[in-house]
Amino acid sequence: MAQDAASSGETGSSYVRTVKGSFEDVAFAVEQAITNEGLVIDLTSHVGEMLARTKEDVGGAKDLFTQADVFSFCSAKVSREVMEADPANIQHCPYSIFVYETADEPGKIVVGHRTYPGETMQPVNEMLTKLVDTGTE
């Protein structure tokens, strides 16, 4: 069962769900939620691997994640809608969903997305929330 949480901090707000399970299974479910909507993942950023690989080079003191990925993609339909409402919304594309498991809490997988500001970006927030919810069911 997923736990929902909305967070708001210095870096902005986000929508997250936390589930118990394996990182691989949850990440695969999120990827399937995205592609099953006809969306194409442009890039999967393996943030966890990068941080582990560079930890010593940058003076890192601890392991942050067992694994952490960010899926980046766009939706032609939703992007057109929000950019017709305000062309400046181009700055938010591509959209992303993050999936991570911290080194301190293995088996607890966090999935979420940033919450975009303004009424014109609500269709993107709704799309991303639906994808996160579907991927964590």
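This is a predicted model: local features need pLDDT of at least 70, side-chain atom pairs count only at pLDDT 80 or more; totals for chains, interfaces and linings use all residues.
Colleague: Which residues of α3 are buried?

Modeller: Start with the general idea. An α-helix has 3.6 residues a turn, so residues three or four places apart point the same way. Now the case here. Val78, Ser79 and Val82 are the buried residues of α3. Down the axis of α3, these buried residues fall within an arc of 100°, so they line one face of the helix.

Colleague: Which residues are exposed on the other side of α3?

Modeller: Ala76, Lys77, Arg80 and Glu84 are exposed there.

Colleague: What covers the buried residues of α3?

Modeller: The cover includes strands β4 (65-74) and β5 (95-102), along with α4.

Colleague: Now the pockets. How do I read the lining of the largest pocket?

Modeller: Take volume, then elements, then classes. The largest pocket holds about 220 Å³ of space. Two elements, α3 (76-85) and α4 (122-135), each give two or more residues to its lining. Among the lining residues are Ala76, Lys77 and Val78, and also Met127, Lys130 and Leu131. By class, the lining has seven nonpolar, two polar and three charged residues.

Colleague: And the second largest pocket: which helix gives the largest share of its lining?

Modeller: Helix α2 (residues 47-54) does, with four residues. The volume of this second largest pocket is about 170 Å³. Its lining includes Gly48, Leu51, Ala52 and Thr54, as well as Asp63, Leu64 and Phe65.

Colleague: How many residues of each class line the second largest pocket?

Modeller: Six are nonpolar, three polar and three charged.

Conventions. Residues are numbered from 1 along each chain as its sequence is written. Side-chain values use heavy atoms; hydrogens and water are left out. On a 1 Å grid over the protein atoms alone, a cavity is a set of points where a 1.4 Å probe fits but cannot get out, and a pocket is an open set with protein on both sides within 12 Å along at least five of seven lines; lining residues have an atom within 4 Å of a point. Grid points are joined across faces, edges and corners, and a volume is the space filled by probe spheres set on the points. Ala, Val, Leu, Ile, Met, Phe, Trp, Tyr, Cys and Pro count as nonpolar, Asp, Glu, Lys and Arg as charged, and the others, Gly among them, as polar. Buried means under 20% relative accessible area, exposed over 50%, partly exposed in between (1.4 Å probe, protein chains only). The arc is that of the directions from the helix axis to the C-beta atoms. Contact means heavy atoms within 4.5 Å.
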